[in-house]
Amino acid sequence: MYTGEMLWPKALTEDMVERHYADGAILRTYPDLPKNMYTAMKNTANRLPNKTAIVDDGGNACSYECLRRETEAYSVWLYQDMQIRKGQHVALLLYNSIKFCVACLALNRIGAVVIPLPTKYKKEEILSLVGKSDAALILCDEKFMDYFDNCPRKDLQVCKVKTRTKQDLSAQHCEKSDDLEEYEFEDKTDAADPAFLMFTSGTTSQSKGVMLKNYQVMHAIVSYQRTLGIVEEERAILPVPVYLITGLVAVFGLMMYVGGTVYLHRFFDAARVLETIKGDQITFLHASPTVFTLLLEKREAYQTLPSLRMLACGSSNMPPAKIQMLHQWLPHCAFRTVYGLTETTSPATVFPADASQSAYLGASGIPIPGVTVKIVDEEGREAEDGSKGEIWLKGSNVANTYYPMDASAALGGWLKTGDIGYLNKDGYLYVTDRIKDMINRGGEKICSFDVENELLRICGVEDTAVVGIPDECYGEIPVAVVVLKEGSLLSETKLQALLKERMAGYKVPVHIFKVDQIPVTENLKTDKKTIRTLFQRVEKGE
């Protein structure tokens, strides 16, 4: 068992305090922690009013002072016209945009619970989540208005949010209200108030609503700032949805806290991301392994990106081979691995230095200050260093409830992540697999991540994913999909032969299919469910 305070330099942790919250929680956190995300932004606006806060997909720029005014005016409209009150649930079905940011911060100011909904979902999926959320109001893009025609919830308010123009967002045109002083909502809100209801990934029927409180959000944001050394000069790009926990907390929330500038892309396009990095002097990029894989495919056209100083990678495991590829491409750029979940408000562990140059390459870092990590074996006992088991977490940014409460057992105490890993003697966490992705071949356990790493070490393999599929003899067998580099002539037989030289025969995928691209979920994680379905259809001769 390791805690963040044991492992990070004292300069980052010695001022931490024990704080008692209104909900009864007693947690180790940072002094002068802003009450909520709105307060963090307001503090920055007071300090850096003319600094550009956000540049949206159309190139519209919004300063911190303008963002503060827009947010405060919008909060008054929500309160007066839409009758939104503290504790009510409001869903946002909006693309990456300034209007998402304004709505999010305005609701946070009032003390309402923000529910970011996935814009990639279809009508039936959205309605399923809305049904679970108890939303009183949905603020949505015009494209989604017809989703709510004939909605069974007659009490549900649905409001289209207009797009802001460059003129709207100029300092002299920012909305003002003479009544703002009458609505000091922040005086009525508390750090222990629920702030965000985030639905986990997975099928819509199985996804859980994770209720995150203001103090959990702010502890996560300040932890990122301290452990990554983020400063107000940062220019960050957000090319993946802001409704995901990484986008909301690790990029948008983080930039609002430090006073950086965030560039929003409505949709992901690798070439456009690289053009923005080059043209707008981006310094910081936090993304998933899939994003980095797609950027690597374009590296020949962007051989130098001198402004980019740090890459952070979360959401799923980043193979060491890919990290080394990134270092070869951008040797001046530090790579910081992150491990976390929606339930940890994004970060649980962060790599304390450039992972590409570390003897611990492949690890997901050490627990952030305020978080404790332990490994538990199949018998429920704490495992020794170096022994694999389920990763359990607790700490100041770990959620303590799902919503609604009867959707799952309350979290409380330790969070059982469902991930398999181990800790080494220096407190570094190695995440090896998901319990559900562990392949059980006739009693012999196979970590899909281990096989994926070996495939990526083969010259000519660009990307891969390994899954288990049912088998009459062994119960389950490993199979793989691979993306080959241009010009590679590797066959299934050759790949299997090369793997047999590197690992036990039972771990070698029985079938290896070539694909143009690895299937991914809406939040750009490897879609292993789709891959399993592909192989099962082939097995049936479909």
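Student: What should I know before reading the values?
Tutor: The model is predicted, so local features need pLDDT of at least 70, side-chain atom pairs count only at pLDDT 80 or more, and totals for chains, interfaces and linings use all residues. Residues are numbered from 1 along each chain as its sequence is written, and side-chain values use heavy atoms, with hydrogens and water left out.

Student: What makes up the secondary structure of the protein chain?
Tutor: The chain has 14 helices and 28 strands. Helices (H or I, at least four residues) and strands (E, at least two) are DSSP runs, numbered from the N terminus.

Student: Why is the protein chain called as compact as a globular protein of its length?
Tutor: The radius of gyration is taken over C-alpha atoms, and the globule rule is 2.2 Å times the number of residues to the power 0.38. For 542 residues the rule gives 24 Å, and the chain has 23 Å, which is close, so the chain is as compact as a globular protein of that length. Along its principal axes the C-alpha trace spans about 75 × 50 × 45 Å.

Student: Why is T345 called buried?
Tutor: Buried means under 20% relative accessible area, exposed over 50%, and partly exposed in between (1.4 Å probe, protein chains only). T345 has 0% relative accessibility, so T345 counts as buried. T345 sits in the loop between strand 16 (334-339) and strand 17 (349-350).

Student: Why is D134 called partly exposed?
Tutor: The relative accessible area of D134 is 43%, so D134 belongs to the partly exposed class. D134 is in the loop between helix 6 (123-133) and strand 8 (135-140).

Student: What makes the phi of D134 worth a remark?
Tutor: Most residues other than glycine have a negative phi. D134 is not a glycine, yet has a positive phi of about 60 degrees. T345 is not a glycine either, and has a positive phi of about 55 degrees.

Student: Why is A301 called exposed?
Tutor: A301 has a relative accessible area of 60%, so A301 counts as exposed. A301 lies in the loop between helix 10 and strand 15 (310-313). A301 and V373 are 72 residues apart in sequence, and their C-alpha atoms are 41 Å apart in space.

Student: How do you know whether N453 is buried or exposed?
Tutor: The relative accessible area of N453 is 15%, so N453 is buried. N453 lies in helix 12. Leaving aside neighbours within four places in sequence, N453 is in contact with P319 and P320, where contact means heavy atoms within 4.5 Å.

Student: Which residues does T337 touch?
Tutor: Leaving aside neighbours within four places in sequence, T337 is in contact with C313, I323, T349, V350, F351, A355, A363 and S364. T337 is in strand 16. With 6% relative accessibility, T337 counts as buried.

Student: How much of the protein chain is buried?
Tutor: Buried residues make up 59% of the 542 residues. Among contacts with a separation of 6 or more, 67% are between residues 24 or more positions apart.

Student: Which residues of helix 9 are buried?
Tutor: In helix 9 (residues 270-279), the buried residues are A270, V273, L274, T276 and I277.

Student: How do you know that they line one face?
Tutor: Seen down the axis of helix 9, the buried residues fall within an arc of 160 degrees, so they line one face of the helix. The arc is that of the directions from the helix axis to the C-beta atoms. The face turned away from the buried side carries the exposed residues K278 and G279.

Student: What do the buried residues of helix 9 pack against?
Tutor: They pack against several elements, including strand 12 (235-238), strand 13 (261-264) and helix 11 (320-329). Just after helix 9, Q281 takes a positive phi of about 55 degrees.

Student: Which residues of helix 13 are buried?
Tutor: In helix 13 (residues 492-500), L495, Q496, L498 and L499 are buried. Their arc, seen down the axis of helix 13, is within 160 degrees, so they line one face of the helix. T493 and K500 are exposed on the face turned away from the buried side. Among the partners of the buried residues are helix 12 (448-456) and strand 28 (511-514).
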